[in-house]
Amino acid sequence: MAGRRRAARLALRGVSKRFGGLQAVSDVSFDVAAGEIHALIGPNGAGKTTIFNMIAGMIRPDSGQILLDDIPLVGRRPDQICRAGVGRTFQIVRPFSQLTLLENVAVGALSWTDDIDTARAHAREMLALLGLGGRAEALPGEITLPDRKCLEVARALATRPKLLMLDEVMAGLRPAETDRMVAVFRRINRDTGVTILLIEHVMRAVMALSDRVLVLNNGRVIADGSPREVTRDPEVLACYLGSEDLG
Amino acid sequence: MRRILEGASPRARVLLAALGALLLAAPFLVDSYVLSVLIIVLFFAYVGQAWNLMLGFAGQLSLGHALFVGIGAYASAALFVHFHLPPWAGVFAAVALAVLAGSVIGYLGFRFSIRGAYFALLTIAFAEFTGIAVAHVDWLGGSGGLFLPVSNRAHDDLANLRGSPTMFYYVILTLTAGALALCSWLLNSRLGLYWKAIREDQEAAEALGVPLFRCKMIAVAISSGLSGIGGVWYAFYYNNLFPETTFGTSHSIELILATVVGGVGTLFGPILGAFVLTPLGEVMTALTEGIGIDGVKPFFWGLAVAAIVLFRPSGLWPWLYRLLALGNGTRGGPR
Ligand SMILES: Nc1ncnc2c1ncn2[C@@H]1O[C@H](COP(=O)(O)OP(=O)(O)OP(=O)(O)O)[C@@H](O)[C@H]1O
Ligand SMILES: [Mg+2]
């Protein structure tokens, strides 16, 4: 794994999405430079997960462009976007419940190898990286929720993404577990160069990890800057951080 | 073979070898009645395996599998009757047509996101419609049925599938063993893992790079093709085909019941289920014959099936697997 530099640049240009009468995302534009870690924060219902779903191809934007290293993603299927280098986790974990942890992760690895043994070997590495090495033969129902979040991350990582999107993977973790997860992402980012976009309410993790923070409210970007700048922004304080624990 | 036995205990290996040996020797050990029951058992095990590949592995419920069996049966029988085309050649046409039908249904279902029960309804509709259409085609015997000449049964003619029950027994035994080996191989391949991922959560699978449409189409194609081969055997064994009984939904249900009872999504479920259900039906027939009331047998048979499904909802095989401790301790469950 060491030495493989796999980073992609992400750009959103005027992306909007409406659900019935609700403008979930409106005219969102931002850039994530290759190899950087960006956080996407904002109150519940701000449209964060919807942005992930549009990047990953699960939801088609009403308008706007999404580019991964200048490759337009809008209109492509989720599996094609995955193979183009986007790995994502689901906010509400979606493990394959009748498959072992090893098989769960191997599915991701099969996106770049045909060989099932290679995929299994890689899956073992990913499980070990996330601290699940000893549970490879367990079923997802037999591990704790924080461990299922780790499984979700291991699966996404197994696809060898150039852009890794993490949707609240640290929610519900104890501070020690959060720190371990933060260390894992730092290490992955350093070793592989992967670009990371994370949605997170745990400000302790956001502050520790991010190069830049993007704040979303009612489907609009209201701030985009370094963690320091953003946490001092009066509008951000008023609508979001005022009520949050800054860790 | 290595793959089938992966994760199996020595005891399971011995049992499988013994079962294989018994099945190979059966025609020399049992009388013609028991052999005729075994033939039916193996036919249901074979078709059940084909259906299981679609639902149990890839998560797509078909309740119209009689369509693929029927197409295979009618295609090979009509070519034999009208053009004297031997079934070993007719089977290619049978498979091609069955796969074509499966692909059309699959395309409609998967392109237009017809899922679950609605997909099942689509398969029923195609099967029933085909049955009605066949009843109006004289070339296929119409509603009166299509009959194969039963004349030269004296000696075994494998190429023309004309011969003794023993010959039919070995043909269907070979098919069943072949389907088991194929499914076992597929299940452990990349495609098999993709199917299982789709079965569990297709959106999560897609996000991990699984091409849903292609994987599902391949599942339907293989499943309908295997069923079509079963149809060829069915036509030449029974020698007569009637549209309603061949394409009817009750036939579709009959074809899948063994797998439901044995365990959907397991390799040995269809085989175990067929070995339980067919003899159970025979015993019930024998027991209820004396009573002389119509419908007594189906009633008790239905009751027995309902009881099995109620008390062993995931099928008999997972339960038997644990009961006999057939695993070797590694996880992954009954196969
Ligand atoms: N598929 C959908 N259909 C209809 N409405 C949706 C859909 N997905 C999201 N929404 C609505 O769009 C809005 C934004 O939802 P989204 O999940 O993107 O918020 P979020 O920022 O991720 O919030 P949270 O922090 O609670 O996860 C919400 O009001 C939500 O109810
Ligand atoms: Mg969300």
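These legends walk through close-up views of aromatic contacts in a predicted model. Local features need pLDDT of at least 70 and side-chain atom pairs count only at pLDDT 80 or more, while totals for chains, interfaces and linings use all residues. Residues are numbered from 1 along each chain as its sequence is written, chains are lettered from A and ligands numbered from 1 in the order in which they are written, and side-chain values use heavy atoms, leaving out hydrogens and water.

View 1. Searching the whole structure gives 17 aromatic pairs over all chains (rings of Phe, Tyr and Trp, the last by its six-membered ring, with centres within 6.5 Å; planes under 30 degrees apart are stacked, over 60 edge-to-face, the rest tilted). The partners lie 156 residues apart, Phe80(B) in helix H4 (residues 66-83) and Phe236(B) in helix H10 (residues 212-238) of chain B (helices are DSSP runs of H or I, at least four residues, and strands runs of E, at least two, numbered from the N terminus). Both Phe80(B) and Phe236(B) are buried (under 20% relative accessible area; exposed is over 50%, partly exposed in between; 1.4 Å probe, protein chains only).

**View 2. Phe83(B) and Trp139(B) form a tilted pair.** Their planes stand at 45° and their centres 6.0 Å apart. Phe83(B) belongs to helix H4, and Trp139(B) to the loop between helix H6 (116-135) and strand S1 (146-147). Phe83(B) is exposed at 54%, whereas Trp139(B) is partly exposed at 41%.

**View 3. Arg160(A) places its charged end over the ring of Trp112(A).** The distance to the ring centre is 3.6 Å (the criterion is NZ of Lys or CZ of Arg within 6 Å of the centre and within 35 degrees of the ring normal).
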